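Open the model in your viewer and keep the selection tool ready. The tour goes from stop to stop, with something to select at each.

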Amino acid sequence: MSQHIPPALLQKFISGDLEEPVAVAVALHIDHCSRCHAAAATADPLSQDFAAVDNPDVPEELLASLQ
């Protein structure tokens, strides 16, 4: 992509609603474009939630089941 990713296309990418060839092209662009990378990071609500937590409390049973 020679230009930045439009917000509507970025939202479809984040929600997983793009066909594979387009999703791959968007992902490659995001990897090489700091502006679109930042837009993707702030557009994903989970990223925002995780970024807001400095030191999350992880229940021991969850940690044990993941290991």
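Which residues make a nonpolar surface patch of about 380 Å²? Select Val-58, Leu-62, Leu-63 and Leu-66 and show their side chains. Together these four make the patch. Keep in mind throughout that this is a predicted model.

**Stop 1: inside the patch**

Stay on Leu-63. This residue lies in helix 5, which covers residues 60–66.

**Stop 2: the whole chain**

Zoom out and switch to cartoon view. Count five helices and zero strands. Reading along the sequence gives the pattern α-α-α-α-α. Now colour by accessibility. Of the 67 residues, 15% count as buried.

**Stop 3: helix 1 against helix 3**

Select residues 7–15 for helix 1 and residues 34–43 for helix 3. The two pack with their axes 10 Å apart. How are helix 1 and helix 3 oriented to each other? Their angle is about 60°. Helix 1 and helix 3 are therefore oblique to each other, because that angle lies between the 35 degree limit for roughly parallel and the 65 degrees where roughly perpendicular begins.

**Stop 4**

Select Leu-10, in helix 1. Leu-10 is buried, with a relative accessible area of 6%.

**Stop 5: Ala-39 and Pro-7**

Move to Ala-39, in helix 3. Its relative accessible area is 31%, so Ala-39 is partly exposed. Ala-39 and Pro-7 are 32 residues apart in sequence, and their C-alpha atoms are 8.4 Å apart in space.

**Stop 6: ahead of helix 1**

Where is Ile-5 found? Look in the segment before helix 1. Ile-5 is buried, with a relative accessible area of 8%, which is under the 20% cut-off. From C-alpha to C-alpha, Ile-5 and His-29 are 8.1 Å apart. In sequence the pair is 24 residues apart.

Technical notes
Residues are numbered from 1 along each chain as its sequence is written. This is a predicted model: local features need pLDDT of at least 70, side-chain atom pairs count only at pLDDT 80 or more; totals for chains, interfaces and linings use all residues. Side-chain values use heavy atoms; hydrogens and water are left out. Patches are made of residues with over 30% relative accessible area and no salt bridge: like charges are joined within 9 Å, nonpolar side chains (Val, Leu, Ile, Met, Phe, Trp, Tyr) within 5 Å. Accessible areas come from the Shrake-Rupley method with a 1.4 Å probe; for residues, only the protein chains shown count as cover. Helices (H or I, at least four residues) and strands (E, at least two) are DSSP runs, numbered from the N terminus. Axes are lines fitted to C-alpha atoms, for helices over the stretch in contact, and angles run from 0 to 180 degrees between N-to-C directions. Angles under 35 degrees count as roughly parallel, over 145 as roughly antiparallel, 65 to 115 as roughly perpendicular and the rest as oblique. Buried means under 20% relative accessible area, exposed over 50%, partly exposed in between (1.4 Å probe, protein chains only).
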